[in-house]
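Here's a quick briefing to read alongside the model. Have the sequence and the 3D view open as you go.

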Amino acid sequence: MTKPVFVIVGASLTGAKAAEELRARGFDGRVVLIGAEPERPYERPPLTKDYLRGESERANAYVHPEGFYAEQEIELVTGLTVSAVEPGASRLTLDDGSQLGYDRLLLATGSEPRRLRVPGADLDGVYYLRTLADCDLLRARLDIGARVAVVGAGWIGSEFAASARQRGLDVTVIDPQALPNERIFGGGVAGFYRDVHDQHGVELLLGDGVESFEGTGAVTGVRTASGRRVECDFAVVGIGVVPRTGLASGAGLDVSNGIVVDASLRTAAPGIFAAGDVANAWHPFFQERIRVEHWANALNQGPAAAQAMLGQEVSYGQIPYFYSDQYDVGMEYSGYAPQWDEVVFRGDRAGGEFVAFWLREGRVTAGMNVNVWDVNEDVQALIRSRQQVKVAALTDPGVPLAALVGEFAAGT
Ligand SMILES: Cc1cc2nc3c(=O)[nH]c(=O)nc-3n(C[C@H](O)[C@H](O)[C@H](O)COP(=O)(O)OP(=O)(O)OC[C@H]3O[C@@H](n4cnc5c(N)ncnc54)[C@H](O)[C@@H]3O)c2cc1C
């Protein structure tokens, strides 16, 4: 009898964790993990942090040790792109012309940087940061020093700016929002992050967009919408990511802000699943479709998809979580708060040690702990409780969060 073939497209964190899970659950068919990049699966967070700054080894970035895939009999194919999927024939085609049949298919194709389409965008020295290869180029630029213009004050832009400052470069950040990430977090948290960068000597040009990159052959400056010219030796663009859905839409799968899947990460096509940055999944707790572009989602959703591929009952309902490190400011964010009524704070915001809570109709929908640790589980428990909270208790550092959760659990 021929063994079943489970294929995973996308050899990054989601794909690697899914492959690991298939073996951990005792699957003894073929596991084929196909990735377009030349590297074995690695994690991206170090690429704006310690690896970028030259403080950690490349080896630390990989998801698994080198021998792992061979030991686990996972057929890792690197440097090849899957160019087509035919759901009717349960077959895919790679860009070297070869074809492969599958019994189950996981699409873990991730996301890619949104491109800035302005004059001069293709000049040398205008960089994006997604892959280890991108990071190696930028790491070399940080070694040389000088001036960098960072376009976008989202997480990638902010973390890159922090690392570049830590390496001693002159850094200018340009963003059309009045404050970094203001639309996502509101003025209180966004203002805190603006101040952090300001205090570390980053020049922030907020409320201003990019009109063009200037230079002959290589970028030498950025012209802003307000007419200002920012001199730079190179520029980094971090204006968000878009899900990589071309393969799925070419296969006729339902694509809408990512590949549409149910809570068990299944598409409507038999045997085809999607997970990680590319998946727009029904969330059983929030009762809506959510696409999460963060590390923890890749880490956990990959294994959940593997379980679903094995026919197990899966309902992926993890509360979205991400973290960021900038200078000496570490934070964790849990929850999902597309709208909120108010944001309240516990702790010392000016001193940079606090927890922010997003409230909707008196309930905590998200929380962010900044340089305060070991509260994340309590924040998630508060969110899951769906209980209306007393703001006075929530903002009082003298009341342990765990006690609040207990109080809610007891229904008082
Ligand atoms: C620089 C950087 C720093 C980050 N820092 C943080 C952080 O601090 N905290 C946090 O929570 N999150 C962070 N993230 C986000 C996190 O890394 C992503 O959420 C995570 O990488 C998503 O994993 P994924 O496997 O779903 O997709 P991806 O990592 O995007 O990987 C998808 C892979 O699929 C491959 N692929 C795509 N199409 C094909 C095809 N047709 N054939 C073959 N291969 C294909 C791609 O080449 C890619 O390797 C960061 C991201 C970046 C870029």
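**Parallel sheet and its neighbours**

Strands β7 (residues 104-107) and β19 run parallel and are joined by three bridges. Leu105 has Ile272 in β19 as its bridge partner. Keep in mind that this is a predicted model, where local features need pLDDT of at least 70, side-chain atom pairs count only at pLDDT 80 or more, and totals for chains, interfaces and linings use all residues. Residues are numbered from 1 along each chain as its sequence is written, and side-chain values use heavy atoms, with hydrogens and water left out.

- Helices (H or I, at least four residues) and strands (E, at least two) are DSSP runs numbered from the N terminus.
- Two strands count as paired if DSSP finds at least two bridges between them.
- Buried is under 20% relative accessible area, exposed is over 50%, and partly exposed is in between, using a 1.4 Å probe and protein chains only.

**The five-stranded sheet**

- Five strands line up as β3-β2-β1-β7-β19 in an open sheet with parallel pairing.
- One side of β3 (74-78) and of β19 (272-274) has no neighbour in the sheet, because each of these edge strands has a single partner.
- From one strand to the next, the twist averages 15 degrees (axes are lines fitted to C-alpha atoms, for helices over the stretch in contact, and angles run from 0 to 180 degrees between N-to-C directions).

**The three-stranded sheet**

- Here the order is β13-β14-β15, again an open sheet, and the pairing is antiparallel.
- β13 (210-214) and β15 (229-231) are the edge strands, pairing on one side only.
- Neighbouring strands are turned by 20 degrees against each other on average, direction ignored.
- Strand β14 (residues 221-224) is joined to β15 by three bridges, and Val222 has Val230 as its bridge partner in β15.

**Around β20**

- Strand β20 (residues 279-283) is mostly covered, with four of its five residues buried.
- Strand β18 (residues 259-261) runs parallel to β20, with three bridges between them; Val260 stands opposite Asn280.
- Strand β21 (residues 288-290) runs antiparallel to β20, also with three bridges; Trp282 stands opposite Arg289.
- The hairpin of β20 and β21 has four residues between the strands, and Gln287 takes a positive phi near 55 degrees there.

**Helix α4**

- Helix α4 (residues 155-166) has twelve residues and reaches 16 Å from first C-alpha to last, close to the 16 Å expected at 1.5 Å a residue (the expected span is 1.5 Å times one less than the number of residues).
- The rest of the structure largely encloses α4, because nine of its twelve residues are buried; among them are Trp155, Glu159 and Phe160.
- Just after α4, Gly168 takes a positive phi of about 90 degrees.

**Gly26**

- Gly26 is in the loop between α1 (13-24) and β2 (30-35), and is exposed, with a relative accessible area of 54%.
- The C-alpha atoms of Gly26 and Leu310 are separated by 9.8 Å, although the two are 284 residues apart along the chain.

**The second largest pocket**

- The second largest pocket has a volume of about 300 Å³.
- Of its 14 lining residues, Phe286, Tyr336, Arg360, Thr365 and Arg386 are the closest to its centre.
- A pocket is an open set of points on a 1 Å grid over the protein atoms alone where a 1.4 Å probe fits, with protein on both sides within 12 Å along at least five of seven lines; lining residues have an atom within 4 Å of a point.
- Grid points are joined across faces, edges and corners, and the volume is the space filled by probe spheres set on them.
- Strand β26 (residues 363-370) gives the most to the lining, with three residues.
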